Structures are given as C-alpha cells and as structure tokens.
Amino acid sequence: MPRPNRTHVPGEIRHLIARGNRRQDIFESEHQWQEFMGDLSLNAKAGGLLLFGDTLMTNHFHCMARTGDHPIGEVLGPTLTRFAMRSNIENCRSGHVFEGRYKSRLVRSDEHAKNALRYIHRNPVRAGLVKDPAEWRWTSHRVYLGVEEDARIDTTFLLSLFDPDPAKARVAYRKFMDDIPEPFPSNGPWSEERLAAGCRSIEIEYGLAFGDLKSGEKRQDIVRARDIFIRKATKSGIPPSVVADFLGIDRSTVFRAQRR
C-alpha cells in the first residue's frame, strides 16, 4: 500500500531527522557536509522553511525548523535526493543512501523546543565524538553562543525563550546546555516524586516532550529513551515492578529493557 501523505500545517516547529541506510556513514568527506548544508539552506529558503538549528553527524542529521507555505517534503526531498545521487556517483555505488523517509517530530511547546535544541546540539557529545559541543564543527551551537555567524540559522526565536535581552539569552543558553541533571544520582528509597523527576530528566536530555515516556508510544526515539530510563532507575535500586507500574507497562518490558 502507498504511504500516507504527511500532514502539512504552516507555522509548526518540527524536529527533522534523516539517517543513513542501515545506520551507515553518509558524510564521508568535508565537502559532502558543505554541499549538504548548502543545498538544505537553498531549498529551505525557496520552500519557506525557517531553520532554527542543526547538527550533521557522520551517519545522520538533525535540524529544527518552522514550516512555511510549502510542505517539508518539498524542501528535504530534493536535498536528500540530490545528496544521495552525488554520493553514489562519487563512491561508485548504487542503491539507498538514506534509511527510508525522513522523520518529522512536532515540537509541542517552548520548553520542548529548548530541550530539542539541546538534544540536537549535544548529539556529538552523546556519541562520544567530542567532550564539548562547541568542538564539533558541523552544528549551529556556536552560532547560538555568538562566537560564529551563519546566515542559514535564525537564532532570534529560540534565544528569546531564554531571555528577551540577546546578551543575557546567550548566557542563559550556555548554562542550559551544560545543565544536564542526573536522573538517579544515588541509591535510596524510591518515591513517586523521585521517579517523576528521573523521568523528566531523561525526557529533557533526549529532547522529548513532557509525558512522552509514559505515553505508551512506540516511536523509536521514545522507546530508546524509555529503555534508558528503565536501566538507570533499576540500577539505582528501584524494583522493576515499581518502574513498570510507574510507566504503565508490563514487567516483561522492563526486563527486556534491562537486557538491551
């Protein structure tokens, strides 16, 4: 059956992701990163997609943007297709470069937008490529810090969520980027409040919206973060049965997450 068309609503903020086929590397040289970013910028401008931030990794990319009059597919479709064609020609290959369709996640609130931006910019740190996100060249993080300029990226909206004053907003943004709470810092008696705080901490770290881990959704990024929450919670001494009841899932799901 044909895949359903994506719903297009102008003015939405979206977290967009595309991965290499079988999670293989897609960016194999510096000029490929440059060409991809150039194509994305040109197509975004033509399609009315306002780019708020991005990070290019070796085998995938993230960006956050506000939709315009044209569907996102009219922006990302040509960008991904052209990149795949050039990559196959340059490397004497054929077949898929990207893993299916790009993913498009709705950003539901101002807090979600801030958390998603932190997740995007901290991706190289989480992957173990650098210790500081500012060390990774292919990201808009340094634009938000004010140490680099990039006409592709509009920082005005997201910085305004930290403070109306641009200078104060950059200071608050830097602190926000570094302030990653430990969900379960030490062993101790469990409580509903402790579980809720740990749950929210994981949602924040992984750029999710409030309530995603308890939503029961099977979205890949939510499932991955839920597994991490389960492992951290049970490792800290909270019984698997308590974690299962808190999340509203079967205990067998908790045991599977512990083994992964």
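This is a predicted model: local features need pLDDT of at least 70, side-chain atom pairs count only at pLDDT 80 or more; totals for chains, interfaces and linings use all residues.

Reader: In which sense do S1 and S4 pair, and over how many bridges?

Author: First the general idea: strands of a sheet pair through backbone hydrogen bonds, in a parallel or an antiparallel way. Here, strand S4 (residues 103-106) pairs with S1 in the antiparallel sense, over four bridges. To find the spot, look at His15, whose bridge partner in S4 is Arg105.

Reader: Which strand do seven bridges join to S1?

Author: That is S3, residues 60-66, and the two run antiparallel. Leu16 stands opposite Cys63 of S3.

Reader: What is the order of the strands in the sheet?

Author: The sheet is open and has four strands, in the order S2-S3-S1-S4, with antiparallel pairing. On average, neighbouring strands are turned by 20 degrees against each other, direction ignored.

Reader: And what packs on the sheet?

Author: Helix H1 (residues 30-47) does, touching S2 and S3, and its direction makes about 165 degrees with that of S2. S2 and S3 are themselves joined by six bridges, with Leu50 partnered by Arg66 in S3.

Reader: Back to S1: are its faces covered or open?

Author: Both faces are covered. Ile13, His15, Ile17 and Arg19 are buried on one side, and Arg14, Leu16 and Ala18 on the other.

Conventions:
Residues are numbered from 1 along each chain as its sequence is written. Side-chain values use heavy atoms; hydrogens and water are left out. Buried means under 20% relative accessible area, exposed over 50%, partly exposed in between (1.4 Å probe, protein chains only). Two strands pair if DSSP finds at least two bridges between them. Axes are lines fitted to C-alpha atoms, for helices over the stretch in contact, and angles run from 0 to 180 degrees between N-to-C directions. Contact means heavy atoms within 4.5 Å.
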